[in-house]
Amino acid sequence: MTSASSKLDENLRFQIIEVQSQLERTTAYVSNPSHDLLDLILSRDSYIDNLNSIIQRKCFTLAADNSTVHSLDTLKAINTVATQLKYIADFCEKIVRQLGYIEEANLLKHYAFSPLFSEIIKGVSLVYQAVINGDVKTA
């Protein structure tokens, strides 16, 4: 594996881990909002956006270079997955921002959001192996 390919794989893993953490933080925020958690969620969204830009740039660079171990289809899949992960993180940011508009704070206590977030986190945890193994259906 070339250095650029291994860095791409590493960046994708970092992005997946960060999106999982963002989902966990959002789950915690929905259950128990705090300014510190809000600030953390908002600041980490920028990091995830940056990782996505790095991954996109590396995918395009490797696609132009014939020496990569990744096929063109794999590079397209990695780029697409990274973009979708960024969108998930963006939704986390939107969720916590929108919660600021809810006037009745106790209203959310009547709903079980945690299992829904758990399903998303579980799905995100499957992405890396699916992409690397070429399992498009799972990815």
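The model is predicted: local features need pLDDT of at least 70, side-chain atom pairs count only at pLDDT 80 or more, and totals for chains, interfaces and linings use all residues. Residues are numbered from 1 along each chain as its sequence is written, and side-chain values use heavy atoms, with hydrogens and water left out. The protein has 5 helices and 0 strands. Helices (H or I, at least four residues) and strands (E, at least two) are DSSP runs, numbered from the N terminus.

**Overall build**

- Along the sequence the pattern reads α-α-α-α-α.
- The C-alpha trace spans about 55 × 25 × 15 Å along its principal axes.
- The protein has 139 residues, and 37% of them count as buried. Buried means under 20% relative accessible area, exposed means over 50%, and partly exposed lies in between (1.4 Å probe, protein chains only).
- Take the contacts with a separation of 6 or more: residues 24 or more positions apart account for 76% of them. A contact means heavy atoms within 4.5 Å.

**Helices α1 and α4**

- Two packed helices are described by the angle between their axes and the distance between the axes.
- The axes of α1 and helix α4 (residues 114-125) come within 10 Å and cross at roughly 175°. Axes are lines fitted to C-alpha atoms, for helices over the stretch in contact, and angles run from 0 to 180 degrees between N-to-C directions.
- The two helices are therefore roughly antiparallel to each other. Angles over 145 degrees count as roughly antiparallel, under 35 as roughly parallel, 65 to 115 as roughly perpendicular, and the rest as oblique.
- On the α1 side, I16, V19, Q20, L23, E24, T26, T27 and V30 meet S114, F117, I120, I121, V124 and S125 of α4.
- The residues of this contact divide into 8 nonpolar, 5 polar and 1 charged. Ala, Val, Leu, Ile, Met, Phe, Trp, Tyr, Cys and Pro count as nonpolar, Asp, Glu, Lys and Arg as charged, and the others, Gly among them, as polar.

**Q15 in helix α1**

- Q15 sits in helix α1 (residues 3-31). It is buried, with a relative accessible area of 0%.
- Its side chain reaches the backbone oxygen of A82 at 3.1 Å.
- Not counting residues up to four places away in sequence, Q15 touches I48, L51, N52, I55, A82, L85 and K86.

- D45 lies in helix α2. At 4% relative accessibility, D45 counts as buried.
- Leaving aside neighbours within four places in sequence, D45 is in contact with Q22, A89, D90 and E93.
- D45 and A89 are 44 residues apart in sequence, and their C-alpha atoms are 6.2 Å apart in space.
- I54 also has its place in helix α2 (residues 35-64). It is partly exposed, with a relative accessible area of 22%.
- I54 and L8 are 46 residues apart in sequence and 8.4 Å apart in space, C-alpha to C-alpha.

**T83 in helix α3**

- T83 belongs to helix α3 (residues 72-99). At 14% relative accessibility, T83 counts as buried.
- The side chains of T83 and Q56 are joined by a polar contact of 3.4 Å. A polar contact is a pair of N or O atoms within 3.5 Å; within protein, one must be able to donate a hydrogen and the other to accept it, and residues adjacent in sequence count only if both atoms are side-chain atoms.
- T83 touches N52 and Q56, not counting residues up to four places away in sequence.

**Cysteines**

- A disulfide is a covalent bond between the sulfur atoms of two cysteines.
- The count here is 0 disulfides, where a disulfide is a pair of cysteine sulfur atoms within 2.5 Å.
- C59 counts as buried at 3% relative accessibility, and C92 counts as buried at 2%.
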